[in-house]
Every structure is written in C-alpha cells, then in structure tokens.
Amino acid sequence: MTNAEQTKFTKRLHSLIAELELAETNTSDNRAPVELDQTSVGRLSRMDAMQQQAMANATSQRRKANITMAKAALQRITDGEFGYCIECGDDIAEKRLNHNPAVTTCITCARGQ
Ligand SMILES: [Zn+2]
C-alpha cells in the first residue's frame, strides 16, 4: 500500500470516528433511563419509551463497536499492518477496504473458507 493510500484511509477513518462519536453525543438523551414520572413520558406509554430506549441502546452498542474497529484500523496503519488479513496475512482487496476501511480480514477468511 502506498503512502497516499494510507493517508486516504487514515483520513477516512478519522472522519468516520468523528461522525460516530458525534452521533453518539447527539443521541445520548435517547438512552437516558426511562423516568418513572409518567408526565415526562408524555403521550408515549412507558412500554413504548422503554422499547425505544432499548433500540437506541442497541444502535449505540453497534456504533461503539464500529468506533473500536476504526481505531484498531488506525493502529494497524501506524504498525504497518493495515491492508493485510489478520487471519491469513494476504492482502485485503482495495475494493473491500474502500467499502469499509475497518475490515480486518480478506474476503476468503470473512466467508470462513
Ligand atoms: Zn484472509
């Protein structure tokens, strides 16, 4: 992988992390514990509010996992290991990295072959 490509992926990963962290901050209210006070729930039933909170939490978990993966990819760039499959050591296809720079395996290993 050339330096230019590494720079490109570094930038993409940084903006991805910034985007995810911003989304995480902007949605923190949705994950606040459901208030016992019914008046604060408004027209939504408490059950609806709890379901929405559970969904917001699931989204948040996925987002945090993506942040972790993106940070790990940045570390691999620093270590000079970026772009290589962590399982078999082969090059990861550039198309695959372009689609998601945080992937850690080549398509063959991803398919479990
Ligand atoms: Zn592989």
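The buried residues of α1 pack against α2 and α3 (94–99), and that is a handy place to start. Buried here has a set cut-off: 20 or more other C-beta atoms within 10 Å of the residue's own, with 12 or fewer counting as exposed, anything in between as partly exposed, and C-beta atoms placed from the backbone. The residues of α1 that pass as buried are Phe9, Leu13 and Leu16. Before going further, keep in mind that this is a predicted model: local features need pLDDT of at least 70, side-chain atom pairs count only at pLDDT 80 or more, and totals for chains, interfaces and linings use all residues. Residues are numbered from 1 along each chain as its sequence is written.

Now step back to the whole chain. It has four helices and zero strands, so called from DSSP runs (H or I, at least four residues, for helices; E, at least two, for strands), numbered from the N terminus. Along the sequence the pattern reads α-α-α-α. The C-alpha atoms fill a box of roughly 60 × 30 × 20 Å along the principal axes. The radius of gyration of the protein chain is 19 Å, whereas a compact globule of 113 residues would have one near 13 Å; the radius is taken over C-alpha atoms, and the globule rule is 2.2 Å times the number of residues to the power 0.38. Buried residues make up 11% of the 113 residues.

α1 has 24 residues and reaches 34 Å from its first C-alpha to its last, close to the 34 Å expected at 1.5 Å a residue. The expected span is 1.5 Å times one less than the number of residues in the helix. α2, with 34 residues, reaches 49 Å between its first and last C-alpha, close to an expected 50 Å. Just after α2 comes glycine 80, which takes a positive phi of about 75°.

Next, the core. The largest nonpolar core holds 10 residues: Phe9, Leu13, Leu16, Ala70, Ala73, Phe82, Ile92, Leu97, Ala102 and Cys106. Such a core is a set of buried Ala, Val, Leu, Ile, Met, Phe, Trp, Tyr and Cys residues joined through C-beta atoms within 7 Å. α1 (3–26) and α2 (46–79) each supply at least two residues of this core, and the largest share, three residues, comes from α1. Take alanine 102 as a way in: leaving aside neighbours within four places in sequence, alanine 102 is in contact with Leu13, Asn66, Met69, Ala70 and Ala73. Contact means that the C-beta atoms of two residues, placed from the backbone, lie within 7 Å. Across the chain, 53% of contacts between residues at least 6 apart in sequence join residues at least 24 apart.

From asparagine 26 to leucine 13 is 13 residues in sequence and 20 Å in space, C-alpha to C-alpha.

Finally, look at the loop between α2 and α3, where you'll find tyrosine 84. Tyrosine 84 is partly exposed because 17 other C-beta atoms lie within 10 Å. Beyond neighbours within four places in sequence, tyrosine 84 is in contact with Gly89, Asp90, Asp91 and Ile92.
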